[in-house]
Amino acid sequence: MTRRTLAVISAGLSQPSSTRLLADQLAAATRDELVRRGAEVELRVIDLREYAHDVVNNLLTGFPPAALREAIDAVTGADGIIAVTPIFSASYNGLFKSFFDVLDAESLVDRPVLIGATGGTARHSLALEHAVRPMFSYLRAVVVPTAVFAAPEDWSGGTVDGALRGRIRRAAVELADQVERRLPATGPADPFALTTDFLQMLGRGDDDAPVTPPGRTGAPPAPDSARAGSQPG
């Protein structure tokens, strides 16, 4: 049985939070879909309100505290990501953006991502397409086609209504498809791992390639025989 991990990021600020509720619904639907396909799934929930001060400290110092480091590793080492933010002033909230600002620029390349958002009116749903999706595209993540927005009218007595349930289900299937077609994640990349060997660091493509000493340019000197043939007789 293939083991998969999903990082579930909620940027809701209140407690309880409709943003967290939507994130949980998306996570459950995706987990169920992957389990149906024969995978074993672990959910790693990152409630960003718990890391707000650590995120600010990371922005100021360039170094994440231990708790935030664990959250970052959970995200960058996951097979797939579910990211949900409340919409403030027609865009993601500052905590959501700040968290992704502290990630390494290459850490989400080709990572499947499902995006979602909540807001006080359905008009805010456009923020998913003009703000949230472009951010992940810039990070070169693979964002699934269906983005899920939940307005107050989408919750019926604290549960998911039929239309929202359908969007959640469709997005979950799309994320499961993307996760399934990739090899299982091996965890976060080692920031101290060497990406080139010593010869490449010296600028040599192979063992036989000549090395030009620093400060010198031009082709290597010709062999003695060639030089001798060019001298006047």
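Predicted model: local features only at pLDDT ≥ 70, side-chain atom pairs only at ≥ 80, totals over all residues.
Let's start with the helices. Two packed helices are described by the angle between their axes and the distance between the axes. Here the pair is H4, residues 94-101, and H5, residues 127-138. Their axes come within 12 Å and cross at roughly 5°. Angles under 35 degrees count as roughly parallel, so H4 is roughly parallel to H5.

Which residues make the contact? From H4, they are Phe 96, Lys 97 and Phe 100. From H5, they are Val 132, Met 135 and Phe 136. By class, that is five nonpolar residues, one charged and no polar.

Now the aromatics. The structure holds five aromatic pairs. One of them is Phe 96 with Phe 136, and that pair is edge-to-face. The ring centres are 6.3 Å apart, with 75° between the planes. Phe 96 sits in H4 and Phe 136 in H5, so this pair ties together parts that are 40 residues apart in sequence. Are these two residues buried or exposed? Both are buried. They also belong to one aromatic cluster, with Tyr 92, Phe 99 and Phe 100.

Last, the backbone. Gln 15 and Pro 16 are joined by a cis peptide bond, omega about 0°. Pro 16 lies in the loop between strand S1 and helix H1.

Phi is positive for Ser 89, near 50°. For Ala 90, phi is also positive, near 65°. Ser 89 is exposed, at 76% relative accessible area. Ala 90 is partly exposed, at 37%.

How values were computed
Residues numbered from 1 in each chain as written. Heavy atoms only, no water. Axes fitted to C-alpha atoms, helices over the stretch in contact; angles between N-to-C directions. Helix = DSSP H or I, 4+ residues; strand = E, 2+ residues; numbered from the N terminus. Parallel < 35°, antiparallel > 145°, perpendicular 65-115°, else oblique. Contact = heavy atoms within 4.5 Å. Nonpolar A, V, L, I, M, F, W, Y, C, P; charged D, E, K, R; others polar. Phe/Tyr/Trp six-rings, centres within 6.5 Å; stacked < 30°, edge-to-face > 60°. Buried < 20%, exposed > 50% of the residue type's maximum accessible area, 1.4 Å probe, protein only.
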